[in-house]
Amino acid sequence: MTRIVGIDLGTTNSLIAYMDGQTPRVIAGRNERGMVSSVVAMTDNGLIVGDPAKEHLVRNPERTIYSVKRFMGKSLEDVSEELTYFPYKLQEQGGVIRIQIGDKTYSPPQISAMILRELKRRAEEHLGEDITKAVITVPAYFNDSQRQATKDAGLIAGLDVLRIINEPTAASLAYGLQKKTQGTIAVYDLGGGTFDISILKLKDGIFEVLATNGNTYLGGDDFDRTLVNLLLNEIREQHGCSLDQYPDQMQALRLEAERAKIRLSDEQKTMVVLELPSGHGVFRRQITRDQLEGLTTALVEQTLGPCRLALKDAGLQPAQIDEVVLVGGSTRMPLVRRRVQDLFGKVPHSELNPDEVVALGAAVQADILSGGTQDMLLLDVTPLSLGIETMGGVVSPLIRRNTTIPASAKEMFTTYVDGQTSVDIHILQGERELAQDNRSLARFQLKVPPLPAGVPRIEVMFLIDANGILHVTARDVRTGLTQSVEVKPSYGLSDEEVERMIGESFKFAAEDLKARQIIEARTEAEAIIKATEKALELGGHLIDSAETTAIKTALAELQAARAGDEHRGIRARIADLEKATHHLAEVLMDTSLKEALQNKKLSELT
């Protein structure tokens, strides 16, 4: 089998890992550092990636891109409130963010691809072979477009992304938690620039995300900043020197503060030493763990609020959490570990390197995909959405793409025509709004008794088992009559066809939506026209001629609008007709009630 690697594409740092026998390992660079800074910089000699690029961040911030993960799969409007955090320029082309460096612009997937290429190069150098297949992790809250953007980044980097998996799921895999039969897991992820909490439910080897929460602007960098601010003030007071005017010294101070914070996770005290600009001497300051914890307590407490909210959303108490997993370098801090333990009432898992745990889990998942690990259930997802065709040729999706399987969904439908004796169940796969633009998987008929339109209740259930086989069952709730079919939705399509179908869904999104809106409005208009004509036939003699004329006028206007291509116009005429027929409906209701009461009295007399 071709080797498959696991990649943690992070906001601040990224890593790549592989299976060395039965053990997942992160691949380190020549400097023995496992992490690659998720930073890209434009220099006079071209683009550079990783730690060398990070050094340009203070000297040339407008030509250095960091935190690109925040822009993946988003428009400029989505990130409008975040723009003040970034010194580089952003623009939008065709609904996609473009990041400007010099006289060129790049999309977020292109920038992410540069980071992925660096990781790919590192792996190829270490393993001595071409790397073309990967599993990449994303936050649990990433939506379809963000996941697709991540996959696009892999394609640009020359990687076939076999699976996109959730970071908390990867962390759980790294600890082998999927070997338990069931349980509830909290994954506390405090990275360099973001904080995430995920509550997962494990059942029969499958992870289900129950709730997520967090703070996208809280991480280890904020802990460093509190220490930097303390040291800046003391340097100003003791040496009369403001380092704000010296970018190189500011960068050196940030790095020294970060190193001091890291040392204090293992030591009770440490010394900060910084050579100041010419004429200002050398600054020395001893810092204790207690002092650092005093500075950062408020930040740690800010992570606990989202944890409580995630528990509430999941409908759980802390005592109902079976396992707690720590992810992210900042979870090495003793204060963080104590407060997490206090909240959940149990010692969190911290045996593995918290910086590496997500990448290690991705490598485990890659090993499952390659067939190296036989005793674990494959965590798979649906490549495309699955649904059925409804009135007017539109698609009603039941299971969305990227849903982890096994999965099930059910929905109620009804008939559209009076006296209908069967219902056609047409199963479709794809991302387009109209049935004609999607892939037809199967079709069958369910017999129903002839009843007025809208009366039958037909329950359609989709169930995808662990092997990717889709079972579709349609049941007439009233009679209990059922009909079912099995299809294999994930087979028979190449990756290129899946990519094409997804690509077309984005390309034609606007016109597809417009077509769907028109069809749905016309379908609703047709049903209301029929109902109004029937109501006039039954109760036209019960209302005055002026009201009848108003209803007929509104009816004619709706029929005219229905022939047009403007869904808002059709909706407006529907509203007008509903308003015009409001009194007629009341009169018919009163008449029906009187008839029912009279019939009841007659039956009592006889």
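Let me begin with confidence, since what we have is a predicted model. The mean pLDDT of the protein chain is 84, and 90% of its residues reach 70 or more. There is one stretch I would ask you to look at with care, residues 489-493, where pLDDT stays under 50, although the model still has 19 contacts beyond four places in sequence for them.

Turning to the overall layout, the protein chain is divided into four parts: domain 1, made of 4-219 together with 297-379, then domain 2 at 220-296, domain 3 at 384-493, and domain 4 at 506-604.

Taken over C-alpha atoms, the centres of domain 1 and domain 2 are separated by 28 Å. At their interface, 21 residues of domain 1 are in contact with 18 residues of domain 2, and the area buried between the two is about 1500 Å², with carbon and sulfur atoms giving 54% of that figure.

What does the rule find across this interface in the way of polar contact? There are 11 residue pairs in polar contact, both partners being at pLDDT 80 or more. On the side of domain 1 that touches domain 2, α2 (56-59), α8 (289-314) and α9 (334-344) each supply at least two residues, and the largest share, 4 residues, comes from α8. By residue class, that side of domain 1 divides into 10 nonpolar, 6 polar and 5 charged.

How many salt bridges cross between domain 1 and domain 2? The rule finds 1.

For the structure as a whole, the count of salt bridges is 27. One of them joins the side chains of Arg33 and Asp51, at 2.8 Å from N to O. Arg33 lies in the loop between β3 (23-26) and β4 (36-37), while Asp51 belongs to helix α1 (residues 51-54), so this pair ties together parts that are 18 residues apart in sequence.

Notes. Residues are numbered from 1 along each chain as its sequence is written. Side-chain values use heavy atoms; hydrogens and water are left out. pLDDT is the predictor's confidence in each residue, from 0 to 100. Contact means heavy atoms within 4.5 Å. Domain bounds come from an automatic or database domain assignment. Buried area is the accessible area (1.4 Å probe) that two parts lose on being put together, summed over both. A salt bridge is a side-chain nitrogen of Lys or Arg within 4 Å of a carboxyl oxygen of Asp or Glu. A polar contact is a pair of N or O atoms within 3.5 Å; within protein, one must be able to donate a hydrogen and the other to accept it, and residues adjacent in sequence count only if both atoms are side-chain atoms. Ala, Val, Leu, Ile, Met, Phe, Trp, Tyr, Cys and Pro count as nonpolar, Asp, Glu, Lys and Arg as charged, and the others, Gly among them, as polar.
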